[in-house]
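The stops below are meant to be selected in turn.

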Amino acid sequence: MEYTVSQEKNINIVRPIGRLDSTTSPDFEQCLAEYLKSPGRHLLLDFDELDYISSAGLRVVLNAAKVFREVEWKFAACCMQDHVREVFEISGFDSFISIYDTVAGFVDRVDE
Amino acid sequence: MKVKLQIQATIDQLGSLCKTVESLQQSIMCTDRQMCEIILVLEELVANAILHGGGRVIEVELDKEWDELAITICDDGRPFDPTLASEVDTCRPLEDRCAGGLGIHLVKHYTDTLAYRREKDVNIVTLTKKI
């Protein structure tokens with residue numbers, strides 16, 4: 001599973017690349033573990049380069065959202081392709097995960 | 001169009017199965033978006049069978065006639081009837097949500113019919129999708 005990580009202000013931005021499916025999601029879960037252990041920054045999942053997500057990927061996102069529910073930092077996702085966003089919506093994940101159109105949208109929000 | 005594919009029931013086979021099905025897009029005559037949905041449905045059911053079924057072999061048959069794609073998935077693992085999976089309540093708050101059942105929830109959303117039968121120690125799941 002390929003991904004990139006960057007930081008902007010007090011936000012960790014993780015960008016998974018390609019597919020989050022039954023094969024790749026365990027890798028991605030390991031990658032995220034570092035940012036879930038004891039969060040010291042906000043976490044933004046930038047899905048700009050994510051082409052596909054299945055329930056295996058949703059599970060990883062759900063676990064991340066649960067960790068951030070307990071802390072003062074925010075967790076969000078952004079830049080979803082239409083069908084990725086649809087999978088989130090069908091699963092009802094849009095009710096508890098803030099989805100931004102752009103990275104800047106989230107950056108502005110946490111600046112407020 | 002009718003195609004039958006067979007894989008060993010191991011998770012590393014899933015990628016090649018999906019690639020093979022993607023390569024059939026012209027024969028299935030579907031849009032990119034529909035292909036994405038077909039792959040999602042296949043992945044959810046085949047991954048379930050591989051990870052929880054404990055069988056050895058999985059067979060997938062794709063049959064496109066007119067505007068309908070019929071998919072049949074057979075595995076020789078433990079009995080599992082996806083039509084009996086409990087509904088996911090997508091309105092529950094985050095603290096009550098768990099990931100279980102989401103795959104079947106997505107399968108039901110992206111298909112028009114879903115049926116199950118058990119024959120000679122084999123799970124047979126058939127589904128159809130209007131294309």
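Start by selecting Met29(B), which sits in the loop between α2 (25-28) and α3 of chain B; helices (H or I, at least four residues) and strands (E, at least two) are DSSP runs, numbered from the N terminus. This is a predicted model, in which local features need pLDDT of at least 70, side-chain atom pairs count only at pLDDT 80 or more, and totals for chains, interfaces and linings use all residues. Residues are numbered from 1 along each chain as its sequence is written, while chains are lettered from A and ligands numbered from 1 in the order in which they are written.

Met29(B) has a phi near 55°, a positive value in a residue other than glycine. Met29(B) counts as partly exposed because it has 13 C-beta neighbours inside 10 Å; 20 or more other C-beta atoms within 10 Å make a residue buried, 12 or fewer exposed, and anything in between partly exposed, with C-beta atoms placed from the backbone.

Next, select Trp66(B), in the loop between β2 (57-65) and β3 (68-75) of chain B. Its phi is near 50°, again positive in a residue other than glycine. With 7 C-beta neighbours inside 10 Å, Trp66(B) counts as exposed.

Now show both chains. The contact takes 21 residues from chain B and 19 residues from chain A, where contact means C-beta atoms, placed from the backbone, within 7 Å. On the side of chain B that touches chain A, α1 (14-22), α3 (32-53) and α4 (102-110) of chain B each give two or more residues. Of these, α3(B) gives the most, with six residues.

Terms used. Contact = placed C-beta atoms within 7 Å.
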